[in-house]
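Morning, everyone. I have one structure to walk through today. Please keep it open on your screens while I talk.

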Amino acid sequence: MADDLKTPYEYPFPAPSEDAVAMVDGGVPDRPAGVPSSYDRGDSVSWTPESISEIHALSRLGRYQIRGFNSFNHRLPTFDDLTFVPATMTRLPLEGYRESCDTKTVLGGGSGMVEKPLELDIPIYIASMSFGALSASAKAALGYGASKVGTLTCTGEGGMLTDERRASKTLVYQMTPSRYMLDLEHLRMADAIELVVGQGAKPGTGGLLLGMKVSERVAGMRSLPLGVDQRSTVRHPDFLGADDMQVKIEELREATDYQVPIFLKMGATRPRYDVAIAAKAGVDVIVVDGAEGGTGASPELLLNHTGIPTISAIRAAREALDDCGMSGKVSLVAAGGIRTGTDAAKCLALGADAVMIGTASMIALGCNSPRYFDDYAALGTSPGKCHHCHTGLCPVGVATQEPELEERVDVAAASERVARYLTAMTMEITLLAKACGKSSVHNLEVEDLRALSMQASAFTGVKMAGIDKVYSW
Amino acid sequence: MSEAIVTVGDRPIREVNKEIKAALAEGNTVTVRDTRSRHNLGVGLPEGSHLKFEGSVGYYCGGLNNGAHIEVERNVGWSVGEAMASGEILVNGYAGMSAGAAMLGGLLHIRGDAGPRCGVAMKGGDILVEGKIGYLSGFMAHAGRIIALGGAAGACADSLWGGEVWVAGPIESLGVDSKVVEPEPEEIASVEELLAGRGLADGSRDWQKIVSAQRLWHFESRDASAWLMI
């Protein structure tokens, strides 16, 4: 197979110029081929500006398209397809403005295997996002903001950054298949370890960091050649299936002396089975990342066309744990497209013990904020629709390794925004919980929800509004 | 230094490793008996430890090692010396899959053959295999050296980012994006010096040094055919 590299096909004519391949002739600079906004919308069901521009882009690149952010597939349901049905006559509400509602969240305490389960003040934490994908200042701000409100952050794939360890009171150390600079010392500095078998943005495929972001510091931390387009492995180097992973988990417990919880992060694909198997393998916390999960860079087709929606994954995962008798022993964390406390409350009601926010926390840092307009324009985008994390030229300094851009994250102000945003989200959750008569956010339940569409009911097993029946669950 | 003996048998591994660590903390050289190919023996040991496993051991022996010297009398299962940062592991028999996976430093010396994916995702250090290395050895390694004296199975050094795979003896096939290059005399001297230090001096070896061809370091449309393979 490798020989194919050495004997490429030769055309019987000279190779074309890249400009000719890109259809530059007769064009205008602000309407390049391969970008949906360059095309007018016709009536074809198949040949929309999106599909035409996609073909022009693929025929220019000779590879799949890559971008950051999350799914553009509008067939995915949203959290807005569910609504709360607070206490009225059958149930008694709590005073939303006055009475207290417990938000303490313990992760990894159920198995009895772990000396130091994670005790969080709120049921929300900051998702694993690597230094590399994010700037060091963004990582630090997330750490300080999370620490202020008593929750955790997670390293992501790129190894443990000293700035983040300093900033983050509780830090989960991620063990991805690529194992960048993973060693015993770092493991023992972590408050928990997260084994990654997949992510919602691109389940079944490894991490991606384009060369623009593989700076000297990032390359050094990952022991990669400077500026390579880093495409990480998806299979772990030292185990294959779930039975081997069970041995791996024991190794990690031995290495960390049974002190810290072991998380397992997966993309939501077949959570009913995957979660049951993960629980059997002996992890303490299972993170299910839905198809709406974000990323710094991914083949676009995986963002748009893989995985199942977060709302459906949570229900399936919770039922799997219930069926195995593992609810209470293994904690369940939900992630993927969570925007507000309302979304988070819906996740808790569907069965999550906690939620993880990634893109939302980046937006609190300043992602897509309306400033530095010229720098957005240089990327062919503007505030509100930017998904150009993969370019490394983030106009607001969140997803970049360029020193002058990175400075645009004012660590003090960004930390405070993250802390306030997490506080506001928590207030939103407790407001809904109290309206539903719950003195702890963890008492939210499926009965507190109704679906606004048959589809959402079928996706989640939540009763349809009105008929009060589950649609074919 | 005094000697201590720890017996594994069917005891819980946590208890065994605790006993090993306690004996090492007292400054003993530890011999571990009745190992029964159990998994996770000698994981994350302290620097300067010396211990020997009698018989064969299972998965992750010497995993996450940071400075211990470990000897295994016979064979090891998967992922011996996984993520070792420093220290030395000597395996007198054969090694299963993923020997030295994601290793950062130190020396892993295997007297027999090593299974598939030897040195997978390796980031540094040396893996010395006196026998043959299995298929996909060195897969996506970043740095470090894998040295095989008894040849290599298929897809050798597949998708290397960096690092080197040195093979004396036949290579069944090269992996994607790897190439054989002529080693410099000082590089050969460095490898031979390592071997001499292990009692394996032999100036007559015919070395093939394999490195990354660097074609897959970057996305390029003209390499679309290469893309179909990864």
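**A walk through two chains**

Let me start with one residue. B:Arg36 is partly exposed, because 13 other C-beta atoms lie within 10 Å. A word of caution before I go on: this is a predicted model. Now back to B:Arg36. Where is this residue found? B:Arg36 is in the loop between strand S2 (29-33) and strand S3 (50-53) of chain B. Look at its backbone. Phi of B:Arg36 is near 50°, which is positive, and the residue is not a glycine.

Chain B has another residue of interest here. B:Asp177 also is not a glycine, and its phi is positive, about 60°. B:Asp177 sits in a loop as well, between strand S9 (164-168) and strand S10 (178-181) of chain B. Buried or exposed? B:Asp177 counts as buried, because it has 22 C-beta neighbours inside 10 Å. The cut-off for buried is 20 or more.

Now go to the start of the chain. B:Ser2 lies in the segment before strand S1 (3-7) of chain B. B:Ser2 is exposed, because its count is 8 other C-beta atoms within 10 Å. Exposed means 12 or fewer. Which residue is 25 positions along from B:Ser2, with its C-alpha 7.2 Å away? That is B:Gly27.

Next, chain B as a whole. Chain B contains 3 helices and 11 strands. Read from the N terminus, the order of its elements is β-α-β-β-β-β-β-β-β-β-β-α-β-α. Is the chain compact or extended for its length? The box around its C-alpha atoms, along the principal axes, is roughly 60 × 40 × 25 Å. Of its 230 residues, 54% count as buried. Then the contacts. Take those in chain B with a separation of 6 or more: 23% of them are between residues 24 or more positions apart.

On to chain A. Its secondary structure comes to 16 helices and 16 strands. Chain A has a radius of gyration of 23 Å, close to the 23 Å from the globule rule for 473 residues, so chain A too is as compact as a globular protein of that length. Its C-alpha trace spans about 75 × 55 × 45 Å along the principal axes. Buried residues make up 52% of the 473 residues. And for contacts in chain A between residues at least 6 apart in sequence, 65% join residues at least 24 apart.

Let me zoom in on a helix pair. At what angle do helix H3 (residues 136-148) and helix H15 (residues 411-435) of chain A pack? The angle is about 45°, and the axes are 7 Å apart. That angle is why H3(A) is called oblique to H15(A). The crossing of the two is right-handed. On the H3(A) side, the contact includes A:Ala140, A:Ala141, A:Tyr144 and A:Gly145. On the H15(A) side, A:Ala414, A:Ser415, A:Val418 and A:Leu422 are among the residues involved. By class, the residues of this contact are 10 nonpolar, 3 polar and 2 charged.

Another helix is worth a look. H11 (residues 341-350) of chain A is mostly covered, with 9 of its 10 residues buried. Among them are A:Asp343, A:Lys346, A:Cys347 and A:Leu348. After H11(A) comes A:Gly351, with a positive phi near 135°.

One strand residue, then. A:Thr295 lies in strand S13 (residues 295-299) of chain A. A:Thr295 is buried, because 24 other C-beta atoms lie within 10 Å. Leaving out residues up to four places away in sequence, A:Thr295 touches A:Gly68, A:Gln199, A:Ala201 and A:Lys202.

Last stop, the place where the chains meet. How many residues does each chain give to the contact? Chain A gives 30 and chain B gives 43. On the side of chain A that touches chain B, helix H5 (184-189) and helix H7 (242-255) each supply at least two residues. H7(A) has the largest share, 5 residues. By class, that side of chain A has 15 nonpolar, 5 polar and 10 charged residues.

That is my tour. Questions, please.

Key:
Residues numbered from 1 in each chain as written. Chains lettered and ligands numbered in written order. Predicted model: local features only at pLDDT ≥ 70, side-chain atom pairs only at ≥ 80, totals over all residues. Axes fitted to C-alpha atoms, helices over the stretch in contact; angles between N-to-C directions. Helix = DSSP H or I, 4+ residues; strand = E, 2+ residues; numbered from the N terminus. Parallel < 35°, antiparallel > 145°, perpendicular 65-115°, else oblique. Left-handed = near helix turned anticlockwise from the far one by under 90°. Contact = placed C-beta atoms within 7 Å. Nonpolar A, V, L, I, M, F, W, Y, C, P; charged D, E, K, R; others polar. Rg over C-alpha atoms; globule rule 2.2 N^0.38 Å.
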